[in-house]
Amino acid sequence: MQFLKATGLLLLLQGALAVNASTVLPSPTNRRLTTLPDIPSPAGPLKPTSHLEPFANVTGSLDDHGVCQCSVYLPDTAFPVDRVERIEILAQQLSVKFDIEISKVSQYTKDIELYEKRILNLTKKIEYLEKTSVSYTELDFQLIRLEIQEMEKLVTQLKVSLSGNNVIVEQLYIEIKNLSLMVTEVESLDKHNILAVRREIASLQRKLQDCEASRNQSTNHYFPPGTCSHGGIVNVSQPYMVQLNWRGFGFKQGGWGRYSSPLAPGKELYWVAPLTSARYIEYYRLHESFDDLLLFKYSKEYRYQYGDGSGAVVYNNFMYFNVYNSRDIGKLDLNTNTLVLRRALPNAAFNNRFSYAGVSWQDLDFAVDENGLWVIYSTEASTGNIVISKINETNLEVIDTWETRQYRPSVSNAFMVCGVLYATRIVNTRKEEIFYTYDTNTRTEGRVSIIIDKMMETIQSADYSPIDRRLYVYNDGYLVRHDLTFQPIIPA
């Protein structure tokens, strides 16, 4: 606009001057302009008026070409281009911020709609709990409370992020608080006292477990060696791991135990026989005491070729085992490591025909108890069911035989206590269960449930010692023992 005014003024000056003139417009650096030819005015030459008074008459000069030159200074400032640019930049920044705020409001609107739906859903759940008689647990209330706390946290963050008028968010926050109070009230109004009953049941269960643990830890009744005046096994202690077998972890199959003899009940002698190639009794060691066993200090180390499987026992200074690739019983003198007697067990299946579940080549499993030497096996005539025979340890002849109805390959191991067979089965990789008994004294079967905890997955052999009434277990290469608890016979 100022530029147009300046142009008009120049035209007026040209009309007022009698000769051609040139003007220089004010600028950061004065520029010389040649005046346009005279433009005649209809009213004649212009004279200065009141609105032109700020312009003073100046003296001009003629150049070589006869053109009049003069300088004119305009009082108004130049057009503010720099200010317009700053205004445009500020307007652009405000536009970007406005778009961002609009997008936030849009997102907050979506969040609020989502929270409203969740509150409605929770309200329906609580109304359902109030109206129905379906039992509900404390977990239901805890889950609802977690959802409410999550929404409360999000709405609190939303309140902080929003500034100015946030009536909707405040209303949402109040509804969530009211919902939390409603849940607490519903739980307190538990009409059927279900939560109280459940808590009481849990308390009674804990008391029952404490009572059971106390019973299991009760003092074991003492029974003199060789006596059977008890009611049988009622509990097996936690495993006590003695050590890894002397040949190493690779020898997972084998057997171990304590010397048993009614003639010398106080004598200590421990034997350990890891199997070669998971089948053959080849090397075995004898330890004169438990301390020697712990220190791997042995009195004798022998080699014999060969016994079959991990069913061997030591009784009265002899080792009894299944002779390799036969149904024969071998009697080995531990003093000289010589086979003093060998006799076939009539009709016994062999060569892994009816071995235990998970344990190979144990067709003949020998056992020792208060009554002497036993062998546990199967025959083709028994169709794989367990057969028990009492053996004369002097000449290896069969004294008596009992046939059971328990299928041997479904049993993981077995041992004898006071003429009673105890058979185990696998529960999982860390537990086995004594589940079956057969009393040779009364020829009766029984069902029990006594858990045996394991250190490793497979019990390769289990041998009972009547000297200390402990169970010696060869557990995947580790020597483990258990204390046994017996039921006392209460006089009538």
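A disulfide, meaning a pair of cysteine sulfur atoms within 2.5 Å, joins Cys228 to Cys418, with an S to S distance of 2.1 Å. The model is predicted, so local features need pLDDT of at least 70 and side-chain atom pairs count only at pLDDT 80 or more, while totals for chains, interfaces and linings use all residues. Residues are numbered from 1 along each chain as its sequence is written, and side-chain values use heavy atoms, with hydrogens and water left out.

**The chain as a whole**

- The secondary structure comes to 6 helices and 26 strands, where helices (H or I, at least four residues) and strands (E, at least two) are DSSP runs numbered from the N terminus.
- Of the 492 residues of the chain, 40% count as buried; buried means under 20% relative accessible area, exposed means over 50%, and partly exposed lies in between, with a 1.4 Å probe and protein chains only.
- Among the contacts with a separation of 6 or more, 53% come from residues 24 or more positions apart, a contact being heavy atoms within 4.5 Å.

**The disulfide**

- By the distance rule, the count comes to 1 disulfide, and in general terms a disulfide is a covalent bond between the sulfur atoms of two cysteines.
- The link of Cys228 and Cys418 is left-handed, with -90° about the S-S bond.
- This pair links distant parts of the chain, 190 residues apart, since Cys228 is in the loop between α5 (194-216) and β6, whereas Cys418 is in the loop between β20 and β21.
- Cys228 is partly exposed, because its relative accessible area is 30%, whereas Cys418 counts as buried because its relative accessibility is 7%.

**The nonpolar cores**

- In soluble globular proteins, nonpolar side chains tend to be buried together.
- A nonpolar core is here a set of buried Ala, Val, Leu, Ile, Met, Phe, Trp, Tyr and Cys residues joined through side-chain atoms within 4.5 Å, and the largest has 19 residues, with Ile233, Phe415, Val417 and Leu471 having the most contacts inside it.
- At least two residues of this core are supplied by each of β6 (230-236), β20 (413-417), β21 (420-428), β23 (444-453), β24 (459-465), β25 (470-475) and β26 (478-488), and β26 gives the most, with 4 residues.
- Leaving aside neighbours within four places in sequence, Ile233 is in contact with Phe415, Val417, Tyr422, Ile450, Leu484, Thr485 and Phe486.

- If residues up to four places away in sequence are not counted, Met319 touches Trp271, Tyr284, Ala312, Val313, Val314, Gly330, Lys331, Leu332 and Leu334.
- Met319 and Leu332 are 13 residues apart in sequence, and their C-alpha atoms are 5.0 Å apart in space.

**The cavities**

- The structure holds 4 cavities of 30 Å³ or more; on a 1 Å grid over the protein atoms alone, a cavity is a set of points where a 1.4 Å probe fits but cannot get out, and lining residues have an atom within 4 Å of a point.
- About 70 Å³ of space lies in the largest cavity, where a volume is the space filled by probe spheres set on the points, and grid points are joined across faces, edges and corners.
- The lining of the largest cavity consists of Gly257, Arg258, Ser260, Trp271, Val313, Val314, Val368, Asp463, Tyr464, Ser465 and Tyr472.
- Two or more of these lining residues come from each of β8 (254-258), β12 (313-315) and β24, with β24 giving the most, 3 residues.
- The lining residues divide into 6 nonpolar, 3 polar and 2 charged, given that Ala, Val, Leu, Ile, Met, Phe, Trp, Tyr, Cys and Pro count as nonpolar, Asp, Glu, Lys and Arg as charged, and the others, Gly among them, as polar.

**Backbone details**

- Most residues other than glycine have a negative phi, and most peptide bonds are trans.
- The peptide bond from Gln305 to Tyr306 is cis, with omega near -15°, and Tyr306 is placed in strand β11 (residues 300-308).
- Asn352 has a positive phi, near 65°, although this residue is other than glycine, and its place is in the loop between β15 (338-344) and β16 (365-369).
- Trp361, also not a glycine, has a positive phi of about 65°, and Trp361 is partly exposed, with a relative accessible area of 23%.

Terms used:
1 Å grid on protein atoms, 1.4 Å probe; cavity = no way out; pocket = protein on both sides within 12 Å on 5 of 7 lines; lining within 4 Å.
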